[in-house]
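Please look over the sequence and the model before going on to the points below.

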Amino acid sequence: MKKTAKKIQKFKLENKKITALTAYDYPTAKFLDMAGIDIILVGDSVANVVLGYDSTTKVSMNEMEIFTSAVSRGAKEALIVGDMPFLSYNVSYEDAIRNAGRFIKAGADAVKIEGGSEYIINLIKRMTESGIPVMAHLGFTPQYVNTIGGNLIQGKDFETTIKILEAAKKLEAAGAFSIVLEMVPKESAKYISERLTIPTIGIGAGVDCDGQILVVNDLIGKFDDYSPKFARKYFDSKEMILTTAKKYIEDVTSGVFPNDTESFSLKNEELVKLENHK
Ligand code: KIV
């Protein structure tokens, strides 16, 4: 059964942990869906882990639309959230809603936007009023990395934790159905999560968030430029690709691949004709 934003929100009341991963392509989305994941985020992390950019700020709306539509063809039950890229929602409300609409038309069920400013709060109100469920994102917000001054842990003391909580409450009142909390000390994330009615989805925010999200390429070891402290590698795809590709190269160069069952054959009479032809 399709998971909706409303259902995900209810998981918190039911004390059911929410599971979320990113995906950017059809087969990965299909397999995560088969595994029973609740949310698939078409994250702007695609910029780093798939497109090889050095920052998430470099991925475009057009690119995000393509990844979203591929994911939507693969996942039937998971809630699909489209991650709005840098400056696709900050220029004006009209522009933001038009771009959010592009995600929905590409197959997303909801969108995610970063930040907790008055502008973002008003935007969430307008988006939900327009029928677009919104996942908010607080703590470390990668699209603001240049103003934050680096990949820095947020909510490291009492004052900043309260600031995040206050922003989270405003986002909740504006209609956000969940909030990603990124790189926040586990005690701060627990304090914030316990004071919200909507679920928090943690990434580097400890075990007491209402759910967890990771970048799928970190999970399956398919990205090795860097590895965040909070990511857990469940599988080594790099090793698997290296070993498999080396074996393939060996088999091709030694003539072991392809074998007869991997080849097409002529019928005998055609073969005879060929052999008798000068
Ligand atoms: O783009 C992304 O992958 C994210 C994280 C929250 C997983 O925003």
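What share of the contacts in the protein with a separation of 6 or more is accounted for by residues 24 or more positions apart? The share is 60%, where contact means heavy atoms within 4.5 Å. This is a predicted model, in which local features need pLDDT of at least 70, side-chain atom pairs count only at pLDDT 80 or more, and totals for chains, interfaces and linings use all residues. Residues are numbered from 1 along each chain as its sequence is written, and side-chain values use heavy atoms, with hydrogens and water left out.

**Overall picture**

- The protein has 12 helices and eight strands; helices (H or I, at least four residues) and strands (E, at least two) are DSSP runs, numbered from the N terminus.
- The C-alpha trace spans about 85 × 40 × 35 Å along its principal axes.
- Of the 278 residues in the protein, 46% are buried; buried means under 20% relative accessible area, exposed over 50%, and partly exposed in between (1.4 Å probe, protein chains only).
- The protein has an accessible surface of about 15100 Å², and carbon and sulfur atoms hold 58% of this surface. Accessible areas come from the Shrake-Rupley method with a 1.4 Å probe, and for residues only the protein chains shown count as cover.

**Packing of α2 against α4**

- Helix α2 (residues 26-35) packs on helix α4 (residues 61-74) at an angle of about 40°, and their axes are 7 Å apart. Axes are lines fitted to C-alpha atoms, for helices over the stretch in contact, and angles run from 0 to 180 degrees between N-to-C directions.
- The angle makes α2 oblique to α4: angles under 35 degrees count as roughly parallel, over 145 as roughly antiparallel, 65 to 115 as roughly perpendicular and the rest as oblique.
- α2 and α4 cross in a right-handed way; a crossing is left-handed if the near helix is turned anticlockwise from the far one by less than a right angle, and right-handed if clockwise.
- On the α2 side the contact is made by Tyr26, Ala29, Lys30 and Asp33, and on the α4 side by Ala70, Val71, Arg73 and Gly74.
- By class, the contact of α2 with α4 holds four nonpolar, one polar and three charged residues. Here Ala, Val, Leu, Ile, Met, Phe, Trp, Tyr, Cys and Pro count as nonpolar, Asp, Glu, Lys and Arg as charged, and the others, Gly among them, as polar.

**Packing of α4 against α5**

- α4 also packs with helix α5 (residues 93-106), at an angle of about 30° and with axes 8 Å apart.
- This angle makes α4 roughly parallel to α5.
- The crossing of α4 and α5 is right-handed.
- α4 contributes Met61, Asn62, Met64, Glu65, Thr68, Ser69 and Ser72 to the contact, while α5 contributes Asn99, Arg102, Phe103 and Ala106.
- The contact of α4 with α5 has four nonpolar, five polar and two charged residues.

**Backbone exceptions**

- Most residues other than glycine have a negative phi, and most peptide bonds are trans.
- Asn15, which is not glycine, has a positive phi near 60°. Asn15 sits in the loop between α1 (5-13) and β1 (18-22), and is exposed at a relative accessible area of 73%.
- Met183, also not a glycine, has a positive phi of about 50°. Met183 is in the loop between β6 (178-182) and α9 (186-194), and is buried at 14% relative accessibility.
- The peptide bond from Phe257 to Pro258 is cis, with omega near -5°. Pro258 is part of the loop between α11 and α12 (268-276).

**Single residues**

- Leu79 belongs to strand β3 (residues 79-83) and is buried, with a relative accessible area of 1%.
- Leu79 and Asp38 are 41 residues apart in sequence, and their C-alpha atoms are 6.3 Å apart.
- Leaving out residues up to four places away in sequence, Leu79 touches several residues, including Ile8, Ile39, Ile40 and Phe177.
- Thr197 lies in the loop between α9 and β7 (200-203) and is exposed, with a relative accessible area of 56%.
- Beyond its neighbours within four places in sequence, Thr197 is in contact with Lys12 and Glu172.
- Asp251 is in helix α11 (residues 237-254), is buried at a relative accessible area of 17%, and touches Val256 and Phe257, not counting residues up to four places away in sequence.
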